[in-house]
Amino acid sequence: MSLSDAQIAWISWLKDQKRCSPRTLEAYAHALRYYLDHLGRSISGDLTLEDVVAVSSGDIRSWMAYLRGKDNPLSARSLAQHLSAIKSFHSFLDLHFDRPNVQVALMRGPRLKTTLPRPLNIDQMQGLLNETHMDSDKDDWENARDEAVYMLLYGLGLRISEALSLRVKDTPLGDTLRIIGKGNKMRALPVLAAVHDTIEAYRRQQPFPLQPEDKLFRAKRGGELSARHVQASIQHLRSRLGLSDRATPHALRHSFATHLLGSGADLRSIQELLGHVSLSTTQKYTQVDTERLLSAYAAAHPKG
C-alpha cells in the first residue's frame, strides 16, 4: 500500500466508522499534511509509508518543535489537536495494516489549561432576550429571527451550527426536535412552548419565499444566516447591556446547562441534552455552579 492510499483509507475510516464531522476531517487532514511535509524534508527522495511507520520519538519532537517555532506558532490547544490527528493516523495503520509505532502512541502533548464555561446569570440572560426586541437598527423580522436563534441556543442548548442547520421543513416544531450533532450523533430534545412560539413568530414575519429544504434562518438580503452574523449580533447586544466579552453565542448554551443544574437537573440528563459523549465534559458545569454558590455565599454572609 502506498502512503497516498493509506491517507485516503484513513480519512474514509474517520468519516464512515468514527463519524467525524466535516470540520474535524478537514482539521485532521490538514494536520497530517503538515506532518508528512515535515518528515519529507528530512529524507532524500519521496516519502514512503514505510518511512512514516519507522518514525522515532525524536522525529515527532522535531515536528512539534517546528509547529511551535514557525512564523505563526500554534497554540497549545492546536498543537494537541495536531498530535491527536497524527496518533489517530498511526493507530489506524496499526489497527488495519499491522504497522504499529509504540513511540508515537506514547508521545504526550502539551498540558492544556482547563477552562470553565462562563455562562450568563438568569437576569443577564433575560436582559439579553428583552434587548433583542429593541434594536431599531434592524427590521422587526430580523429582531424576531435573532430572538429565535438565541432561544434555540438557550432554550434547547444547541450549538450555533445546530441552530443554523434547521430547515423550513423542520417547522413548526413539535414536542421534540431531533438534532444531528457532533460526530453525526442524533439526540431528541423536548421543545419548550416559549421556543416553539418564538420560532413561529419569526416564521410569520420573515419576508422571503422559502422551500421546504431551505435553511430556516435568513440574512437581511435573503441568503443563509451565518454563525459570524450571530456572533456579531450578540457582540452588539453585550456592548449595549454592558456585559463582558464572555457573553458569546456559546455562552447561551453554557447558560442553558448551568441554569438547569442550578434548578436540580441531574448530570446524566444534561449530558444527553447537550449531546456530550463523555460525562466528564458535562461535569465542568458542577464546578461552575460551585463557584457561583461560593461567590454568593461570600457576598451575602455577614462574615463574608
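Which residue takes a positive phi just after α5? That would be D98, at about 55°. Everything here comes from a predicted model, where local features need pLDDT of at least 70, side-chain atom pairs count only at pLDDT 80 or more, and totals for chains, interfaces and linings use all residues. Residues are numbered from 1 along each chain as its sequence is written, and side-chain values use heavy atoms, with hydrogens and water left out.

**View 1. Helix α5, from residue 76 to 97.** Helices here are DSSP runs of H or I with at least four residues, and strands are E runs of at least two, numbered from the N terminus. At 1.5 Å a residue, the 22 residues of α5 should span 32 Å, and the end C-alpha atoms sit 31 Å apart, which agrees. (The expected span is 1.5 Å times one less than the number of residues.)

**View 2. The buried residues of α5 and what covers them.** Buried means under 20% relative accessible area, exposed over 50%, and partly exposed in between, with a 1.4 Å probe and protein chains only. Among the buried residues of α5 are L79, H82, L83, I86, F89 and L93. The cover includes α1 (3–16), α2 (22–40), α3 (49–53), α4 (57–69) and α6 (102–106), with contact meaning heavy atoms within 4.5 Å.

**View 3. The salt bridge between R240 and E131.** The closest N and O atoms of this pair are 2.6 Å apart. R240 lies in helix α11 and E131 in helix α7, so the bridge ties together parts that are 109 residues apart in sequence. E131 is buried at 18% relative accessible area, while R240 counts as partly exposed at 32%. A search of the whole structure turns up 11 salt bridges, each a side-chain nitrogen of Lys or Arg within 4 Å of a carboxyl oxygen of Asp or Glu.

**View 4. The salt bridge between E162 and R159.** Here the N to O distance is 2.5 Å. E162 counts as buried at 4% relative accessibility, and R159 is buried too, with a relative accessible area of 11%. Elsewhere, salt bridges that share partners join K138, R145 and D146 into one network.

**View 5. D146 and R145, side chain to side chain.** This salt bridge has an N to O distance of 3.1 Å. Both D146 and R145 are buried.
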